[in-house]
Each structure stands twice: as C-alpha cells, then as structure tokens.
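The sequence and structure come first, and the notes follow by topic.

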Amino acid sequence: MTSSDLSKKALALLSTELKRYIQLHPHSVELSKKANQHFLYGVPMHWMNDWGTPSPLFVQHAQGAHFTCADAIDYIDFCLGDTGAMFGHSSAPVSKAIAAQANKGFTAMLPSTLAPDVGAALAEHFGLSYWQLATTATDANRFVLRWARAITGRNKLLVFDGCYHGTIDDTMIDLADGKTLNRASLLGQVYDLGLHTVAVAFNDIAAVERELAKGDVACVLTEPALTNCGMVLPQAGFIENVRALTKQYDCLLVLDETHTISTGRGGWAKANNVMPDFLVVGKPIAGGLPAAAYGFSEAIASRMKAAKDNAPAGHSGIGTTLSGNMMTLAAIHATLTKVATKDAYAHMLKLAEQLDQQLNRIIMAHHLPWNITRLGARLELQFCEKTPSNAQQARDAQNETLENAIHLYLLNRGILLTPFHNMMLVCPATSQNDTNHLVQTFDSCLQELESK
Ligand SMILES: Cc1ncc(COP(=O)(O)O)c(C=O)c1O
C-alpha cells in the first residue's frame with residue numbers, strides 16, 4: 001500500500017471514529033460546553049484541547065494504570081500524563097504521604113524536617129551528590145542554564161534539532177538550512193533565540209565538535225534520546241563522545257532525563273555510566289504532583305557556590321516561591337523510596353519488552369513499513385521502517401491523519417496513547433491483560449484501516 005493510499009484510508013477511518021467519539025461521550029461534550037464559558041478553548045490549559053478528539057475527554061477518576069472518563073468508560077492509560085504519572089495514578093504510598101503531610105502544612109519557604117532524607121533519596125536514586133529543587137522540569141532546565149552560564153562565563157547553548165525541554169525560551173528553536181531560528185509556532189517571542197542558541201542534528205558528532213571548538217558554548221543541553229519528535233535513540237557512543245568533547249572544550253553537559261528515566265531506575269546516564277555535569281528530572285518524581293530537581297557533582301557545586309558568593313547580594317534569578325515546598329518533599333520521598341523501586345522497574349521493563357515484540361509482530365503481519373522504538377518502559381510507534389537517527393528523519397515519518405485515526409480508534413475502545421506522537425508508557429500497575437488488550441485492539445485497527 002502506498003503512503004497516499006494509507007492516508008486516504010486513515011481519513012475514512014478518522015471520520016467514522018470522530019462520530020463514534022461524540023456518541024460515546026455525551027457527558028464530556030456537555031462538560032466541554034460548560035467549561036467553554038470560562039476557560040479559553042474550554043480547558044484549564046490550551047494544550048488540553050489538542051488531543052485530536054472533537055471535544056476534550058474529561059477525567060472522573062484515575063488509579064494505577066487506568067482512569068474513567070465523565071461517561072464512566074474505563075481506559076487503560078498508556079499516556080500516563082505524558083510521563084507525569086509514569087509510576088501510576090495515585091499510587092498508595094504517595095497518596096498516604098500527601099495525606100499525612102496535608103495536616104502538617106503545605107508550604108513555608110523553609111525546608112521541612114524531611115529535607116535531608118529527600119536529598120539522600122535523590123543522590124541514591126540518580127547517583128549525583130548535590131541537588132536543588134524546582135516546580136517543573138521547564139524551570140529546572142531554565143535554572144541550570146543560568147548556573148551553567150554563570151559558572152563558565154560563556155553565553156551560548158548547544159541543543160539538538162527536535163529537542164524539547166519544556167517552554168524554556170532558549171530551546172524553542174528550529175534548525176532550517178543550517179540556521180537556528182525561532183520555532184515558527186511560538187507566540188509572543190520578540191527575541192532572536194538564534195543569537196545565543198545553536199542547534200545541530202542529533203547523532204552528528206562532527207557538528208557538535210565544530211560548534212564547541214568556537215569556545216563560546218556554556219553547555220550542551222540534551223535528552224540522552226530525543227523523545228519529543230517521535231523517538232530518536234543515540235547511536236552507539238554518541239552521548240559518550242559528546243561527554244568527552246564537552247570536557248575537551250571546557251563546557252558543561254546537561255542531561256535532561258525527564259522522559260528518559262524510563263530507561264531504568266536512575267535513568268539513562270546511570271544505566272550507561274555517563275556522568276553529566278547537571279542532570280535534570282521532573283514530571284513523575286513526586287508521583288505526579290508538580291516537582292522537578294537538578295543534580296550536580298561536588299566540583300560543580302563548588303563552582304556554583306563561588307558564582308553565588310562572588311555576585312552582588314540580591315536575587316539570583318533562580319528559584320520560585322513554591323519550589324521545594326513541604327508537600328512536594330513528602331511526595332518526592334515517597335515516590336523515590338517506595339514507588340520507583342527496583343521491583344517496579346523490573347515489571348515495567350519486562351512488560352514493555354514483551355509489548356515491543358507483540359506490536360512488531362502485528363506490524364509485520366500487516367506488511368507495514370513501520371517500527372517500534374523503545375527506551376526501557378517507553379515505546380514509540382513510528383511510520384518508518386527503521387528507527388530514525390535524527391529529528392528530520394523522525395519528522396519525515398510523521399503522518400498526522402494516520403496518527404489521529406489510530407489514536408481515536410484506540411481511545412473509542414478504552415485505550416489512551418500520548419498525543420502529538422505515538423508514545424506508550426508502561427507503569428508499575430500496567431498488567432499483561434492491559435498490554436494484550438492494546439495489541440489486539442491495534443490489530444483490529446489495522447484490519448479496519450485496510451478494509452476502508
Ligand atoms: C525532556 C523534557 N524536559 C522537560 C520538559 C518540561 O516538563 P514540564 O512541562 O513539566 O515543565 C518536558 C516536557 O514534556 C520534556 O519532555
């Protein structure tokens with residue numbers, strides 16, 4: 001089947017599924033009309049309207065790997081809040097810790113008595129000695145960039161085409177004809193981001209060296225694998241070579257592991273024995289409550305202290321009032337010590353590996369030139385034969401109509417994938433029944449697509 005045949009069939013399937021969604025979800029449609037009166041696009045955050053459904057799906061109750069919508073339909077959640085709920089919805093130890101802390105204060109802009117234990121849990125989990133907290137991974141990346149520029153005295157940042165590190169301004173760029181430009185979709189950005197940010201293609205080590213050799217790059221900021229433009233894995237030795245080059249050219253390596261903690265307990269860097277200068281984590285580290293953290297070595301800690309101590313007194317431009325609040329500390333501690341355990345990861349990795357094989361078998365049985373790319377518990381269906389090696393290849397493989405048709409077909413049968421791409425995440429509460437149901441429904445979806 002040619003890709004244009006496939007797109008025509010996808011359009012036909014999408015049109016059937018859009019009608020089916022409306023029939024199945026009268027209460028969500030009603031809630032959307034009500035919410036429209038006071039929320040822009042009828043949702044608390046405008047992205048919530050970008051799922052490809054004709055109106056947003058409203059959640060009533062979420063627990064473990066499942067949730068029910070306003071129409072009392074049960075879903076298996078493979079999106080898991082785009083990683084925020086990667087360790088399951090409302091897991092009992094986190095709920096208990098939050099309930100206990102709820103009677104002891106939420107925030108005071110002072111450390112709670114649990115603070116030393118939280119620092120120790122972060123150090124044990126991720127293998128870096130020193131930590132600071134932030135409220136979102138966006139903030140953590142933003143703060144790390146300030147530290148990196150402050151301690152190196154350099155102003156440039158190197159990132160990879162297709163990167164996403166949250167809504168941090170410096171990284172909202174596109175690479176076009178070798179130039180780093182403001183991302184076309186950005187609203188209200190009045191600065192030329194290309195002045196201080198340079199982007200190159202992922203897995204292009206020669207381009208990294210070319211830029212670092214100029215001597216003005218404060219840090220390289222990257223995920224160990226790109227996870228926001230489809231999924232692009234590092235070729236063997238790529239991140240290790242970036243690490244060596246950053247050392248050679250006296251700049252810092254920041255690994256954003258917000259998504260790649262799917263690799264295994266402690267993340268990709270720990271599993272692959274690569275020690276970054278800064279490591280950023282966010283999203284699920286407090287079980288889904290807003291929280292993020294950045295870790296660094298003792299050597300970096302000394303340079304940070306020197307920068308702060310030598311600066312005039314006053315605001316550093318780093319930190320926010322609610323960061324590291326008492327409630328968040330309780331939730332991080334419970335998540336890292338009782339939920340994101342070795343056993344939890346063993347279950348997630350085994351089930352994800354099986355799911356990978358099952359989905360690949362279905363793809364082969366339907367003779368489709370697609371692949372599943374996997375990083376531990378995180379899987380990505382991509383409409384290309386081989387795993388892409390950079391963001392451009394990943395973008396070339398995207399087909400929005402096909403993606404929307406598959407997502408909606410699955411959603412109408414009680415399965416949620418991550419929007420904007422085809423990501424499936426396995427959590428500690430995901431069961432073999434859940435993954436089997438996904439595999440069977442994906443198979444039916446492809447049969448129905450072919451029959452159109
Ligand atoms: C790799 C990575 N870093 C940082 C972020 C930002 O996280 P948040 O939106 O929670 O600030 C994201 C969000 O998707 C991400 O994928």
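In this predicted model, the largest nonpolar core holds 103 residues, and the members that touch the most others are Phe-126, Phe-160, Trp-370, Leu-381, Ile-406 and Phe-442. Helix α11 (residues 342-365) supplies the largest share of this core, eight residues. The core lies between domain 1 (3-77 + 342-451) and domain 2 (92-339), because both give residues to it.

**Nonpolar cores**

- Leu-381 has contacts beyond its neighbours within four places in sequence, among them Ile-363, Trp-370, Ile-406, Met-424 and Phe-442.
- Asn-371, Ile-372 and Asn-422 are also in contact with Leu-381.

**Cysteines**

- The number of disulfides is zero, with a sulfur-sulfur distance within 2.5 Å as the criterion.
- For Cys-251 the closest cysteine sulfur is that of Cys-219, and the 7.4 Å between the two sulfurs is too far for a bond.
- Cys-427 is likewise in no disulfide, the nearest cysteine sulfur being that of Cys-79, 12 Å away.
- Cys-251 is buried at a relative accessible area of 4%, and Cys-427 is buried at 0%.

- Strand β12 (residues 292-296) is mostly covered, with five of its five residues buried.
- In a regular strand, side chains alternate between the two faces of the sheet.
- In β12, Ala-292, Tyr-294 and Phe-296 point one way, while Ala-293 and Gly-295 point the other way.
- The residues on both sides of β12 are all buried.
- Strand β4 (residues 130-134) runs antiparallel to β12 and is joined to it by five bridges; within this pairing, Ala-134 has Ala-292 as its bridge partner.
- Strand β11 (residues 278-281) also pairs with β12 in the antiparallel sense, over four bridges.

**The four-stranded sheet**

- An open sheet with mixed pairing is built from four strands in the order β1-β2-β3-β15.
- Its edge strands, β1 (59-63) and β15 (415-416), each pair on one side only.
- Strands β1 and β2 (residues 66-69) run antiparallel and are joined by four bridges.
- Gln-63 has His-66 in β2 as its bridge partner.

Note on methods:
Residues numbered from 1 in each chain as written. Predicted model: local features only at pLDDT ≥ 70, side-chain atom pairs only at ≥ 80, totals over all residues. Heavy atoms only, no water. Buried < 20%, exposed > 50% of the residue type's maximum accessible area, 1.4 Å probe, protein only. Core = buried A, V, L, I, M, F, W, Y, C linked by side-chain atoms within 4.5 Å. Helix = DSSP H or I, 4+ residues; strand = E, 2+ residues; numbered from the N terminus. Domains from an automatic or database assignment. Contact = heavy atoms within 4.5 Å. Pairing = 2+ DSSP bridges.
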